[in-house]
Amino acid sequence: MLDSELINIFLEEAEENLQAVEEGLLMLEQQPADGELINVLFRAMHTIKGGAGMAGFAQVGYLAHQLENILARIQQDGAGIGEKELNLFFSATDLLRKLLKEQEDAGEVLAGQLAGLLQSLEQEAAQHGPADPFIDPEEGMDLGAFVENYDAAKLKTASDGGATIYLVRVSLRPHCFKAIRAYMVLEATAAFGEIIKVTPSTTVLEQESSGNSFAMLVAGGSGTAALQKIIAGISEVESVQLHAVAPAEALRLFAADELVELPTTEGVTAAPAPAAASKAAGSDTLAGTIRVDTGKLEKILDHVAELLIAQSRVKELALKNKGASRFAEASLADAFQEVDKIIRRLQEDVMNASMVPIGATFLRFQRLARDLAKELGKELEVVISGRETELDKKVIEQIADPLQHLIRNCVDHGLEKPETRLAMGKPPQGIITLSAFHREGYIVMEIGDDGRGIDLDAVRAKAEEKGLLERGAPLSEEAVQQLLFMPGFSTAKEISGISGRGVGLDVVTNNIRKLRGSIELFSAKGQGTKFVIKLPLTLAIIDGMLIRVGQERLIIPLTAISEFIRVRPGEVRQVEGKGQILSLRKEYITYTGLYRILGITPDFTEASGGTLVILQDGRKKMALLVDEIIGQEQVVIKSIREHLGQIPGIAGTTIVGDGRVTIILDITSLFRLARQETDHGRPAAKKCGSGDC
Amino acid sequence: MKKLIFIVDDSRTIRTSLQYMLERGGYEVVAAENGLEAIQQLEKLTEATRLPSMIIADINMPLMDGIVLIKNIREQAVFNAIPILALTTEHREQKKLAGKAAGASGWLMKPVKAEQLIAVVEKFVK
């Protein structure tokens, strides 16, 4: 096991414990005297402290230790946790997280924060007087002291038992197998007496990179000469120095050895550097790892075994029945079907293995909402549902920022101040809801508040001011949504520093589009606002419909297709100012040809010639003419963004069954392109007044 | 056959590092996350007539803490001869005495270094 592995285990565990702490703190805010919650916090801090010591995170260990002390005191007092302490713990949690993230390589800012927090921790402790059994000035001030004391205890036991303490310095010849020789010396010495301490540590000595010399503190019977002779007798030992030392002086003398020997020996001074490097490497790899429930993996392995069996059956059949009867061919087809089924299941399970619950992310937001509310003098309760909803780890990572922005929006713009709420007949405490659930192959996330809702008059005023809306023109719900998600559009009357600087919802929309998701906004004045985000379950695989336009074959994500229809000539009509419209079951749908959007020469330019794909994106629909529907395919998306940048209308590429590279269409941007196309190049935004945004 | 050391600690970090150190020191290791799990594991080991040569138990653990665990172990004659090390982060005499009263053979302070661990384990196991 490398150091970096241990560090990774520690980082993961520490993060789990920090989450438990945060969750506990948020609950303690509601019920500050809950002893069980305080126990949970105590245990989490305790585990962090213990792990930090092992993984070499001294600052984390020290901070956790101080927090643990405060918790122990609270436990003893039994009076519950105060607001001051709660806030202290919240900031301590943040700092611990930062220290872990920076791998303790705390820059000046962190160091300052650390010093500040430690000071308030100490003040906190001092207030309760030295009589408190936990405020032991000796205790835990220096994590190294634990070890020191341990060594001292060992020395004392040994010398009390009549042993002599020797300080032994050994030099090895350069270019020998140092690790082996050092091992032999240690073995021989251990047979002679108890080795109390070695420097550099045995771990370093085991690496060939270590220096040529090392020192030991040995407790043994008399017979100095004997030990010297034994060690000197080991081949490639260049020299042995051996002194009997007073037990009380031993550690001090040895420490001098540690100080002198370490920096002067080339190999040993190099040792701390790789350790630091592995720490850094550890943090990089951590982002890419998840802990997977073994049950999930077992299922995958089961399916792989089934797959192999089914495949060999297919192979056998194929060989046996070459050119045989129709019956044989039918059973071959059956066998293939079986293989298909298993592969699909396998793929679902593998996908499932990279799914993690959204709970931890929601917890972070609960915390964020709380902090913001405090800052803004608002009161709120965060109601979370669907914590256990699982989604692809990559999606969670990428959705966190947009979600955060929306929550800021809800707390800052949505919720009113307590006095305003009371005046409106609402309870003073606002409610922020966070929920996640699965629906129709998508993950749906809702972020809502019960605040003031969107002020349509303010939206109108702003839109008119910016020339996006004709004065007095009707403002449809859809148009409002379009305006709010438009770059640079903000209705916040005061710039509060938290949100409302005009960059926001458009960035959110873009991020969500990148994930092939969509966002919708529902709002009622005085009752609140709700954002509904729809995301695909995974970024990697989609069910697609393979279609053809002229020579081109393209994939449309299945989730965007509501139906296929064929129309008779004349069913698509030209409407002044709105382009071409199809009337479908009394609903008017914008019509265009995919060939027009993409500039391809098609077989058919008339709607009645080919097939119309009815696309749906949120509440918007569009009828898209294609030449032919080829069939359904499950495809793995290869991003082209790294190579070509984001191209409007294209989500990525894939390789379909026959081996051809095929483009996957991006539905949301396709709607935008279609609108621009029907607008004949006029900027889409200018048309909002007509309600056709 | 390698000697078996039984570790009980609720922290993954501690379990992993102790296990690594002991395995490098030539021991076989079995680990449990808390007192309850430890009792179950010990029962299994007894059935398999593979008793550990030593038990290293953390004091502060959920479900069943180290003190209760040590008491429970000591109540059974079959485990009576097994040395138990109490693992702690606090060097308060009170805790150590509690461990001793429960039947611990010694204590070990976290963070533990490999050479200390092996030295202490050897002292008891040899």
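**View 1. Helices α2(A) and α3(A) cross with left-handed geometry.** A crossing is left-handed if the near helix is turned anticlockwise from the far one by less than a right angle, and right-handed if clockwise. The model is predicted: local features need pLDDT of at least 70, side-chain atom pairs count only at pLDDT 80 or more, and totals for chains, interfaces and linings use all residues. Residues are numbered from 1 along each chain as its sequence is written, chains are lettered from A, and side-chain values use heavy atoms, without hydrogens and water. Helix α2 (residues 35–55) of chain A and helix α3 (residues 58–77) of chain A have axes that come within 8 Å and cross at roughly 155 degrees. α2(A) is therefore roughly antiparallel to α3(A); the label applies to angles over 145 degrees. Axes are lines fitted to C-alpha atoms, for helices over the stretch in contact, and angles run from 0 to 180 degrees between N-to-C directions. Helices (H or I, at least four residues) and strands (E, at least two) are DSSP runs, numbered from the N terminus. Among the contact residues are A:Ile38, A:Phe42 and A:Met45 of α2(A) and A:Val60, A:Ala64 and A:Leu71 of α3(A). Contact means heavy atoms within 4.5 Å. By class, the contact of α2(A) with α3(A) has 12 nonpolar, 5 polar and 2 charged residues. Ala, Val, Leu, Ile, Met, Phe, Trp, Tyr, Cys and Pro count as nonpolar, Asp, Glu, Lys and Arg as charged, and the others, Gly among them, as polar.

**View 2. Helices α1(A) and α4(A) also cross left-handed.** Helix α1 (residues 3–30) of chain A packs on helix α4 (residues 83–101) of chain A at an angle of about 165 degrees, and the axes lie 10 Å apart. The two are therefore roughly antiparallel. α1(A) brings residues including A:Phe10, A:Leu18 and A:Leu25, which meet a set in α4(A) that includes A:Leu86, A:Phe89 and A:Arg97. This contact has 13 nonpolar, 2 polar and 5 charged residues.

**View 3. The largest nonpolar core has 53 residues.** A nonpolar core is a set of buried Ala, Val, Leu, Ile, Met, Phe, Trp, Tyr and Cys residues joined through side-chain atoms within 4.5 Å. Buried means under 20% relative accessible area, exposed over 50%, partly exposed in between (1.4 Å probe, protein chains only). A:Val411, A:Met445, A:Ile533 and A:Leu535 have the most contacts inside the core. Helix α16 (residues 393–414) of chain A gives the most to it, with 9 residues. Leaving aside neighbours within four places in sequence, A:Leu535 touches residues including A:Val395, A:Ile399, A:Met445 and A:Ile512. Another core, of 42 residues, lies apart and includes A:Leu18, A:Leu28, A:Leu37 and A:Val60.

**View 4. Helix α19 (residues 477–484) of chain A has buried residues A:Ala479, A:Val480, A:Gln481, A:Leu483 and A:Leu484.** They pack against α18 (456–465), α20 (505–514) and β10 (518–524) of chain A. Strand β10 of chain A holds A:Ser518. A:Ser518 counts as buried, at 15% relative accessibility. Beyond four places in sequence, A:Ser518 is in contact with A:Ile512, A:Val532, A:Ile533, A:Lys534 and A:Asp617.

**View 5. A:Arg568 sits in the loop between β14 (561–565) and β15 (572–575) of chain A.** A:Arg568 is exposed, with a relative accessible area of 61%. A:Arg568 and A:Gly609 are 41 residues apart in sequence and 8.5 Å apart in space, C-alpha to C-alpha.

Key: Angles under 35 degrees count as roughly parallel, over 145 as roughly antiparallel, 65 to 115 as roughly perpendicular and the rest as oblique.
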